[in-house]
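The sequence and the structure are shown first, and the description follows.

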Amino acid sequence: MSVSKLDYQGERTAIKADEAVVVLVDILRSYGCAPEPSSLIAEHLADSDLCGVESHGVMRILQYTRQFDDGYMAPRGMAYISDERGSFITVDGQSGHGIPAMKLAYDAGCTLAAKTGISATSLVNAGHTGRHGAFADNAAEKGFVSILIGGGNRQIWRQVAPYGGIDAKLPTNPYCIGFPGDDKGPFVMDFATSLIAGGWIYAAQAAGANLPEGCIIDKHGNPSVRPQDYFDGGAILPAAGQKGYALALAAELIAEALLGPVKTEGNWLLLVIDAKKMRTAAGLQARAGEIMADMRNCRPAPGFDRVDVPGQRERRIRAESSGIIAIPKATWSAILALQAQRVSFNGSAS
C-alpha cells in the first residue's frame, strides 16, 4: 500500500524494508559512516516509508550523499554531549548526520528528566535530523512528555515565504510534541510550519511527480505544482497563513537568538518532562485515553472513514504495510545506481 501526497501516476517498486536498509547501509558505509550510525540512519528512513511519511523516507539518501560530497555534512561526524549543567544539556553533532544526534538528544534528555523531573537539551551543529515523530513516540512510550522546536540557517535554507510575501525567507521549522497515550499508542504531533515539508518537494523531483495544489509558488508569486518552480526561486507557503508564519518565526528566534549561531543545518531545543513526577502512570493513561477516545468517536466527515489521533495514523499504516515499502521506480533506480557506483568505486561498501 502506498500513502503519498505526491501527484504521481508512474510505477512504484515494492521492496522489503529490510532489503532497502541493506542498500542504504552499503551507501552510507562507503562514505565512511560508522556501522552503528549507518544502521540507525537506514532503519529510520525505511521506517518513515513504512509509516507513510515518504518525505522522510529512503529517497533522502540521495540528498544526504550530495551533502557528503559537497562537504555540507561530515559522514564521520559523531554526536556527543559537550556540556551538562543542572537541567541543561548540549549535544554537539560535530557536523555529522542529524538522526544519530537527535537520538542522543532524546536519550540524554529523557535520562536527565527521570532524575530531575524536567530537562532542556540543545542540539547544535548537526545535519538533517529525520522524522522527529519517531523519537517523540519512543519517549512517550516510556512516560515522557517531549516538546521539540528548532530551525535556523535560513541563509542556506530559504524555503518558506512569510505571510503576505513571495520571497523564501524561512526554513520549514517543524514542531514536535509527544505525549503518553493509551493502549492505542501515544499522541505525537509532528509537522512543518509550512504547508508542505521540504522533503515532499525533493521526493516529487526525484520521482518526476507534481505536488498538491496550493502548497508552493513560483518566483513571481504564482501558484504552482511543479517542484522545479520551487527550485528556480519559488517558495513554500506557510501553513494556516499568519499562524504558520508566526510559529516558524518563533522557532527561528529560538534556534538562532537563544541557542546561538547555526552550523550545518539547524539548532534544536528539546524539553522533556517525566510525566510520572506529576501524575501516576495509570492516572495519566486513563485520562489521556478518555480524551483521545472522545476524538476517535467523532463522526467522520464526508471523504473520511475515521478520525485519528495524531501519531496513530503512522502506527496503523506501518502495521498494515507487511514490511513492504513502495518507492517510485525512478527514485529506487537512482538509489541502486548510487549503490553500484559507490561499491564499485570503493571496492567494498563495508
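## Basis of the description

A residue is called buried when its relative accessible area is under 20%, exposed when that area is over 50%, and partly exposed in between, with a 1.4 Å probe and protein chains only. Helices (H or I, at least four residues) and strands (E, at least two) are DSSP runs, numbered from the N terminus.

The model is predicted: local features need pLDDT of at least 70, side-chain atom pairs count only at pLDDT 80 or more, and totals for chains, interfaces and linings use all residues. Residues are numbered from 1 along each chain as its sequence is written, and side-chain values use heavy atoms, with hydrogens and water left out.

## Helix α11

The buried residues of helix α11 are Thr 331, Trp 332, Ile 335, Leu 338, Gln 339 and Arg 342. They lie on the same side of α11, because they cover an arc of only 120° around the axis; the arc is that of the directions from the helix axis to the C-beta atoms. An α-helix has 3.6 residues a turn, so residues three or four places apart point the same way. The face turned away from the buried side of α11 carries the exposed residues Gln 341, Ser 344 and Phe 345.

The cover over the buried residues of α11 includes β1 (12–16), α1 (17–30), α3 (60–69), α6 (198–207) and β12 (324–328), where contact means heavy atoms within 4.5 Å. Helix α11 comprises 18 residues (329–346) and should span 26 Å at 1.5 Å a residue, which agrees with the 26 Å between its end C-alpha atoms. The expected span of a helix is 1.5 Å times one less than its number of residues.

## The seven-stranded sheet

Seven strands form an open sheet of mixed pairing, in the order β2-β3-β4-β11-β5-β6-β7. The edges are β2 (80–85) and β7 (185–191); each has a single partner strand, so one side of each is left without a neighbour in the sheet. On average, neighbouring strands of this sheet are turned by 15° against each other, direction ignored. Helix α5 (residues 132–141) packs on the sheet and touches β5, β6, β7 and β11 (266–274); its direction makes about 155° with that of β7. Axes are lines fitted to C-alpha atoms, for helices over the stretch in contact, and angles run from 0 to 180 degrees between N-to-C directions.

Two strands pair if DSSP finds at least two bridges between them. Strands β3 and β4 (residues 118–126) run parallel and are joined by five bridges, and Phe 88 stands opposite Ala 120 in β4. Four bridges join the antiparallel strands β5 and β6, with Ser 146 opposite Gly 178 in β6. Strands β6 and β7 are also antiparallel, paired over six bridges, and a hairpin joins them through two residues. Phe 179 has Phe 187 in β7 as its bridge partner. Six of the eight residues of β6 are buried, so this strand is largely enclosed by the rest of the structure.

## The loop between β5 and β6

Asn 173 is located in the loop between β5 (144–151) and β6 (175–182). Its relative accessibility is 2%, so Asn 173 counts as buried. Apart from neighbours within four places in sequence, Asn 173 is in contact with Gly 150, Gly 151, Gly 152, Thr 193, Ala 248, Ala 251 and Glu 252. The side chains of Asn 173 and Glu 252 are joined by a polar contact of 2.9 Å. Such a contact is a pair of N or O atoms within 3.5 Å; within protein, one must be able to donate a hydrogen and the other to accept it, and residues adjacent in sequence count only if both atoms are side-chain atoms.

Asn 153 lies in the loop between β5 and β6 as well. With a relative accessible area of 11%, Asn 153 is buried.

## Positive phi values

Most residues other than glycine have a negative phi. Asn 153, however, has a positive phi near 55°. Ser 95, which is not a glycine, has a positive phi of about 65°. Ser 95 occupies the loop between β3 (88–92) and α4 (98–116) and is partly exposed, with a relative accessible area of 24%. Gly 117, which follows α4, also has a positive phi, near 100°.
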